[in-house]
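My notes follow in the order I took them.

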Amino acid sequence: MSDYYSPVAEFYDLVARAHGEGELKLRERLRALDPAGAPILDIGAGTGRTTLAVAETVPDVEILAVEPAPAMRAVLMHMVARDPDLARRVTVLAEPVEDLTLPERLGAVIAYGVLGHLDLDARQKLWRILLPRLSRGAPIFVELLPIEKPMRLPTLPLANATIGRRSYIATLDGEPGEGDIIRLTSTWVVSGGPSSGQTIRNTSIWHTFGLDDLAQETGLRTERLSQQAGVLYA
Ligand SMILES: C[S@@+](CC[C@H](N)C(=O)[O-])C[C@H]1O[C@@H](n2cnc3c(N)ncnc32)[C@H](O)[C@@H]1O
C-alpha cells in the first residue's frame, strides 16, 4: 500500500472538509443509528474528522479507527489520547484495512475519502471481509471524489489558510492515468514569517468509480447523501 498522505499530513486539516455537506449528512444518519452493541469501523480515519463524527453522534459506541499512514495516525492519536472519553472508546489500528482480522460483528462502517485508493481486487477483498460482519440494515457510509472516469482536471483551489505568520495556499490538478486511474497532484505554497518560502507537491492515485459501481460490486442497496457521499445498506 502506498502512503500518499504522510508527506502532506501537516496540511491535511487546512483543507475545509469539516462541517461540509458529506460530514453533516454522516452525522445526521449516525444520530439515528442503533449499532446494537457492535463496534463501528472507520476505514482511513485520517487525522480524526470521521472518528470524531462517530464519537460525537453515537453515544458510547466502540470505534475501530484504521489509519496506516504514520503522520496521519500521529495526529489521530494526539486527538484520541488527550480526551479520556475517546481514549476509552477508540482503538487506533495501523494496518491497511484489508489486512486486519476484524470482530465478528460491525454496527456500521465509515469509508470517507479512502475507497478510491483501493483497486478493484483490494475492494473485492474488503467486501469479502466486511459483508459477513454487517447485520441486515447496517450501513456503509462512503465519500468518493465526484469523478467517475479518468480525466484531466483544471487546476482547482484546495486551501487558503493563514496560521500565525505563514500562509498556506494549495491547488489540486488531475491527470488521467492507466485504466480507471486519475493522478491527483496537490501543490502547497507556504510563505511568510521568518522562514523561506516552500513549494511542496504530492501526487496520489485514485481509482475512479461511482456509487452505482459500488452497488454492483457489493450487491447492496445505495442511497446518495450528497454530491460525494452515499450509503450502502447490507
Ligand atoms: C482522504 S483521507 C480521509 C480521512 C478521513 N476519513 C476524512 O474523511 O477526513 C484517506 C485516508 O485513508 C487512508 N488509507 C489509504 N489506504 C488505506 C487502506 N488500505 N486501509 C485503511 N486506510 C487507508 C490514508 O492513509 C488516508 O489517511
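**Entry 1: the cores**

I began with the largest nonpolar core, which has 34 residues; Leu 41, Ile 43, Leu 115, Leu 130 and Val 142 touch the most other members. Next I listed the elements that give two or more residues to this core: strands S1 (40-43), S2 (63-66), S4 (108-112), S5 (139-143) and S8 (181-191), with helices H5 (120-130) and H6 (211-218). H5 provides the largest share, five residues. I also checked the domains, and this core takes at least three residues from each of domain 1 (6-144 + 209-233) and domain 2 (153-207). A reminder to myself: this is a predicted model.

I then looked up Leu 41. Setting aside neighbours within four places in sequence, Leu 41 is in contact with Leu 64, Val 66, Val 97, Leu 102, Leu 106, Ala 108, Val 109, Ile 110 and Leu 130. There is also a second, separate core of 25 residues, and Leu 30, Ile 40, Val 61 and Leu 86 are among them.

**Entry 2: helix H5**

Which residues of H5 are buried? I found Ala 122, Arg 123, Leu 126, Trp 127, Ile 129 and Leu 130. They span an arc of only 160 degrees around the axis, so they sit on the same side of H5. On the face turned away from that buried side I noted the exposed residues Asp 121 and Arg 128. The cover over the buried residues of H5 includes S1, S4, S5, strand S9 (198-207), H6 and strand S11 (229-233).

**Entry 3: around the ligand**

I counted 21 residues around the ligand, the closest being Tyr 12, Gly 44, Arg 49, Thr 50 and Glu 67. A nitrogen atom of the ligand lies 2.7 Å from a backbone N or O atom of Gly 44. For Val 97, a backbone N or O atom is 3.0 Å from a ligand nitrogen atom. With Glu 98 it is a side-chain N or O atom, at 3.1 Å from a nitrogen atom of the ligand.

**Entry 4: the loop between S1 and H2**

I looked at Gly 46, which lies in the loop between S1 and helix H2 (49-57). Is Gly 46 buried or exposed? Its relative accessibility is 6%, so Gly 46 counts as buried, the cut-off being under 20%. Beyond four places in sequence, Gly 46 is in contact with Glu 67, Met 72 and Leu 76.

Not counting residues up to four places away, Thr 47 touches Tyr 12, Asp 13, Met 72, Val 75, Leu 76 and Met 79.

**Entry 5: Arg 133**

My last stop was Arg 133, in the loop between H5 and S5. With a relative accessible area of 19%, Arg 133 is buried, because the limit is under 20%. What does Arg 133 touch, not counting residues up to four places away in sequence? I wrote down Leu 102, Pro 103, Glu 104, Arg 105 and Leu 106. A polar atom of the Arg 133 side chain lies 3.2 Å from the backbone oxygen of Leu 102. Finally, Arg 133 and Ala 234 are 101 residues apart along the chain, and their C-alpha atoms are separated by 9.7 Å.

Note on methods:
Residues numbered from 1 in each chain as written. Predicted model: local features only at pLDDT ≥ 70, side-chain atom pairs only at ≥ 80, totals over all residues. Heavy atoms only, no water. Core = buried A, V, L, I, M, F, W, Y, C linked by side-chain atoms within 4.5 Å. Buried < 20%, exposed > 50% of the residue type's maximum accessible area, 1.4 Å probe, protein only. Helix = DSSP H or I, 4+ residues; strand = E, 2+ residues; numbered from the N terminus. Domains from an automatic or database assignment. Contact = heavy atoms within 4.5 Å. Arc of directions from axis to C-beta. Near = heavy atom within 4 Å. Polar contact = N/O pair within 3.5 Å; in protein donor to acceptor, adjacent residues only side chain to side chain.
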